[in-house]
Amino acid sequence: MGDLLPSLSSLRAFEATARHLSMKLAAEELHVTPGAVSLQVRELETTLDIQLFTRRPRSLALTAEGADYFATLRTAFRLVREATAAVRARARGSVLTVTCTATFAMQWLVPRIGRFEAQHPGIDVRISPSYRIMDFARDGVDIAVRHGLGAYEGLVSQRLIDDDLIPVATPALVARLGASPAPEALAGMTLIHDVYRRDWELWLEAAGVDPAPAAHGPIFADGNGAVEAAKAGLGFALVRGSFIERELAEGQLAAPFPLGLASRLAYHLVYPAVALERPAVAAFRRWLLAEAAGAPA
């Protein structure tokens, strides 16, 4: 009995069920039926000769033995995932895959990525725009940039970009506000929103003016649409200054007000700790942090 090793399928079924405390959710994750998950868990209990779950009419609970086994098994599965990710990373050679939102890719990363390529000509960066949380090992992702509060279980998360949101528009539209305009001048202007529509209301309140104009205006699914609409002269967009440095420098957009709005949401660099064992990932991380800080990599 000392060398007893249950089947991998039964271990996966138990680990997923214990994590979700639901055979239905475990089945969805494993792409099998709930009946198949139940059968695999029963098989494991028979093999171990212990009861892993207390089964109730509408819920599951881990027994003491089940909780202990789950804690150890979860660590074992994490080690397997990390080892798999490391092997796949070595097999990919010089290709580094980064996933980020489309807004971050187009407005921040793409205008700067040439500098990384110049410093590291032997590393090919593959940019995969996505808003969903990726499974690093399964999806072949090395590193991610995500917008949020920065809490990602089981992953390293470092705050990358958190500069203030500022109002911008075309120089022609800004000129209509007059010389040294006050925020009240925005009352007759179109305010462009992205999905975080309350940002304009908060900015107007911080400026000490009536936030009522924030209740109206076109809404875009992401920051790209809002910036492009502002460049087209549709109205004023509220965006991070670091995302429109090129547009400001080239005169496509202008920022008429010094007041910025701090957001509790930020862009975070996210990755499994084992990812930094790969030199290409470590180099890309250093470069991203240096770029965000405005320092040479």
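Predicted model: local features only at pLDDT ≥ 70, side-chain atom pairs only at ≥ 80, totals over all residues.

Arg 19 has a relative accessible area of 31%, so it counts as partly exposed. Its partner in a salt bridge is Glu 15, with the closest N and O atoms 2.8 Å apart. Glu 15 comes out at 4% relative accessibility, so that one is buried. Where are these two? Both sit in helix α1, residues 8-20, and they are four residues apart, about one turn of the helix. Here's the general idea behind that spacing: an α-helix has 3.6 residues a turn, so residues three or four places apart point the same way.

Move along to helix α2, residues 23-30, and you find Lys 24 and Glu 28, again four residues apart. Their side chains meet in a salt bridge too, at 2.9 Å from N to O. Lys 24 is exposed because its relative accessibility is 52%, while Glu 28, at 46%, counts as partly exposed.

What about the loop between α1 and α2? That's where Leu 21 is found. Its phi is near 50°, a positive value in a residue other than glycine. That's something to notice, since most residues other than glycine have a negative phi. Leu 21 is partly exposed, because its relative accessible area is 39%. Ser 180 is another one of these: its phi is positive, about 45°, and it isn't a glycine either. You'll find Ser 180 in the loop between α8 (171-175) and β8, and at 75% relative accessibility it counts as exposed.

OK, let's zoom out. How is the chain divided? There's domain 1 at 8-90, domain 2 made of 93-162 plus 265-293, and domain 3 at 165-250. The C-alpha centres of domains 1 and 2 lie 31 Å apart. If you look at the UniProt record, an unreviewed entry, you'll see the feature "domain: HTH lysR-type" placed at residues 6-63. In the model, that span is 62% helix and 10% strand, and its end C-alpha atoms are 19 Å apart.

Now helix α5, residues 102-109. How many of its residues are buried? Seven of the eight, so the helix is mostly covered. Among the buried ones are Phe 104, Trp 108 and Leu 109.

Back to charges for a minute. The salt bridge count comes to 13. One that I like joins Asp 142 and Arg 278, with the closest N and O atoms 3.0 Å apart. Asp 142 is in the loop between α7 and β5, and Arg 278 is in the loop between β10 and α12, so this pair ties together parts that are 136 residues apart in sequence. Both Asp 142 and Arg 278 are buried. There's also a network, where salt bridges with shared partners join Arg 112, Arg 115, Glu 245 and Glu 291.

Then there's Asp 194, in the loop between β8 (191-192) and α9 (198-206). Leaving aside neighbours within four places in sequence, Asp 194 is in contact with Ile 219, Phe 220, Asp 222 and Gly 223.

Last topic: rings. The structure holds 12 aromatic pairs. Take Trp 203 and Phe 257: their ring centres are 5.6 Å apart and the planes are at 55°, so we call that pair tilted. This pair links distant parts of the chain, with Trp 203 in helix α9 and Phe 257 in the loop between α11 and β10, 54 residues apart. Trp 203 has 0% relative accessibility, so it counts as buried, and Phe 257, at 6%, counts as buried too. Finally, ring pairs link Phe 14, Phe 53, Tyr 69 and Phe 70 into a cluster.

Key:
Residues numbered from 1 in each chain as written. Heavy atoms only, no water. Domains from an automatic or database assignment. Buried < 20%, exposed > 50% of the residue type's maximum accessible area, 1.4 Å probe, protein only. Helix = DSSP H or I, 4+ residues; strand = E, 2+ residues; numbered from the N terminus. Contact = heavy atoms within 4.5 Å. UniProt positions renumbered as here; feature names shortened; annotations may be inferred. Phe/Tyr/Trp six-rings, centres within 6.5 Å; stacked < 30°, edge-to-face > 60°. Salt bridge = Lys/Arg side-chain N within 4 Å of Asp/Glu carboxyl O.
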